[in-house]
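Colleague: I am new to this structure, and I would like to understand what stands behind the terms used for it. Could we go through them one at a time?

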Amino acid sequence: MQYRRLGKTSLMVSEIGFGGEWLERHPEEESIALIRYAHEKGINIIDCWMADPKSRDIIGKAIADCRDEWFVQGHIGSTCQNGQYVRSRDLAVVKPAFEDLVQRIGGGYIDLGMIHYVDTQEDWDKAMNGPFIAYVHELHRKSRIRHIGLSTHNPRIAKMAAESGFIEMILFSINPAFDLHPATEDIDDLFVGYEQLNVDGIDPERAALYRLCEEKDVGITVMKGFFGGRLFDAKTSPFGAAFTAPQLIHYSLTRPAVASILCGYDTPEQVDQAVAYEAATDDERDYASVIAGAPLHAYTGQCTYCGHCKPCPMNIDIAMVNKFYDLAVQQETVPETVHEHYKSLNHTASACIGCHGCEARCPFGVKIAERMKKTAELFGV
Ligand code: SF4
Ligand code: SF4
């Protein structure tokens, strides 16, 4: 298992994580065994957005013997009322729900205290200007939560979170289909309407968000990486082509700032299938040729950082150079941190000899040699 730094939290999280929402649908002992099995495979981050006592107990019991080896992403504002999940900013219900979470998970703290599920501007305003956010800061001051995070499906909200300065990481929904979709305050919009989309490739707000997160060192964990299974079937995939799990995992893990993709599991075999990504070949991970060969796609001319263009005779890491270029051009002046990171590359764009060999391998028709020239001019090396 590879581990990645989760932005400014500096936590080293497994790049394959555990999304806990299916735990409840199995007998308790079975779900406990599943979490322990995932841990044996190297998984060390688990999301618990669920408010029900059964899911929380399962996680707490499964990790009781090794609490400090797990990073729990626990949600503030996810409450259980009359047996039903209710999202709330009302401290009268939020506080007891959080205390219940800490008590059931164990250890007396939550590693990543998530401001739960903010998708609308109205809810952002409500959550950020009042007692709710004061409570989150208080939990942080008292080390009941070790880091502050936020979960959202809306890139506009995620952008505000990344710019907040105090939100250290974001749980965000990422897959190749969502990335085509403009920002919306209603998650249901993301599941319908692709046939009407006038798609010009990756939605610019989403592309800008990933770059912003990388620049601000705000780590991302990924939810809905498989689009609820729709991308596994050509009939339900908006691309008209089916993807495999390693391809979709690779897509998420190659977005800037992403540290871990949290997959849902029902069985140990499904854990094995996700963890198999670690040993997958480049060909098995290659989502790019699926998109490029699909009946419907709109990524032409855009770098998706897939790395398909390798090798370069001058050893330039083309995908990385392209990432830095994209990061730099969204600003009026190149940020110092981006400049420094770019300069620390072993081989910068100025080494490009314009052979165009890479362009034949790029499934998206990116004019790489031209971009290398522009990048060298921009950074001066
Ligand atoms: S230039 Fe093309 S092949 Fe290379 S990383 Fe970008 S999209 Fe992939
Ligand atoms: S065009 Fe430049 S970046 Fe592409 S393979 Fe040739 S030297 Fe490398």
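Modeller: What follows is a set of questions about the wording, with the reasoning behind each answer, and please keep in mind that this is a predicted model.

Colleague: Why are α6 and α7 called roughly parallel?

Modeller: Helix α6 (residues 155–164) and helix α7 (residues 204–216) pack at an angle of about 20 degrees, with their axes 10 Å apart. Angles under 35 degrees count as roughly parallel, and therefore α6 and α7 are given that description. Their crossing is also left-handed.

Colleague: How do you know which residues of α6 and α7 meet?

Modeller: Two residues are in contact if their C-beta atoms lie within 7 Å, and by that rule P155, R156, A158, K159 and A162 in α6 meet E205, R206, L209, L212, C213 and K216 in α7. The residues of this contact divide into six nonpolar, no polar and five charged.

Colleague: What makes α12 roughly antiparallel to α13?

Modeller: The axes of α12 and helix α13 (residues 336–343) lie 10 Å apart, and the two helices pack at an angle of about 165 degrees. Angles over 145 degrees count as roughly antiparallel, so α12 is roughly antiparallel to α13. The crossing of α12 and α13 is left-handed. In this pair F324, L327 and A328 in α12 meet V338, H341 and Y342 in α13, and the contact has five nonpolar, one polar and no charged residues.

Colleague: At what angle do the axes of α2 and α3 cross, and which residues meet there?

Modeller: The axes of helix α2 (residues 53–63) and helix α3 (residues 91–105) come within 7 Å and cross at roughly 35 degrees. P53, R56, D57, I59 and G60 in α2 meet L101, R104 and I105 in α3, and by class this contact has four nonpolar, one polar and three charged residues.

Colleague: What makes D217 worth a remark, and where does D217 lie?

Modeller: Most residues other than glycine have a negative phi, and most peptide bonds are trans. D217, however, has a positive phi of about 60 degrees although it is not a glycine, and D217 lies in the loop between α7 and β11 (219–223).

Colleague: Which residues does the cis peptide bond join, and what is its omega?

Modeller: The cis peptide bond joins K310 and P311, with omega about 0 degrees. P311 has its place in the loop between α11 (288–293) and α12.

Colleague: How do you know which residues surround ligand 1?

Modeller: A residue is near a molecule if its C-beta atom lies within 6 Å of it. For ligand 1 there are 15 such residues, and the closest are C303, C306, H308, C309 and C362. Helix α12 (residues 318–329) gives the most to this shell, with three residues, and by class the shell has 11 nonpolar, four polar and no charged residues.

Colleague: Which residues come nearest to ligand 2, and what gives the largest share of its shell?

Modeller: Of the 15 residues around ligand 2, C312, C352, C355, C358 and A369 come nearest. Two or more residues of this shell are given by α14 (357–361) and by α15 (368–379), while the largest share, three residues, comes from α15. The shell around ligand 2 divides into 12 nonpolar, three polar and no charged residues.

Methods: Residues are numbered from 1 along each chain as its sequence is written. Chains are lettered from A and ligands numbered from 1 in the order in which they are written. This is a predicted model: local features need pLDDT of at least 70, side-chain atom pairs count only at pLDDT 80 or more; totals for chains, interfaces and linings use all residues. Axes are lines fitted to C-alpha atoms, for helices over the stretch in contact, and angles run from 0 to 180 degrees between N-to-C directions. Helices (H or I, at least four residues) and strands (E, at least two) are DSSP runs, numbered from the N terminus. Ala, Val, Leu, Ile, Met, Phe, Trp, Tyr, Cys and Pro count as nonpolar, Asp, Glu, Lys and Arg as charged, and the others, Gly among them, as polar. Angles under 35 degrees count as roughly parallel, over 145 as roughly antiparallel, 65 to 115 as roughly perpendicular and the rest as oblique. A crossing is left-handed if the near helix is turned anticlockwise from the far one by less than a right angle, and right-handed if clockwise.
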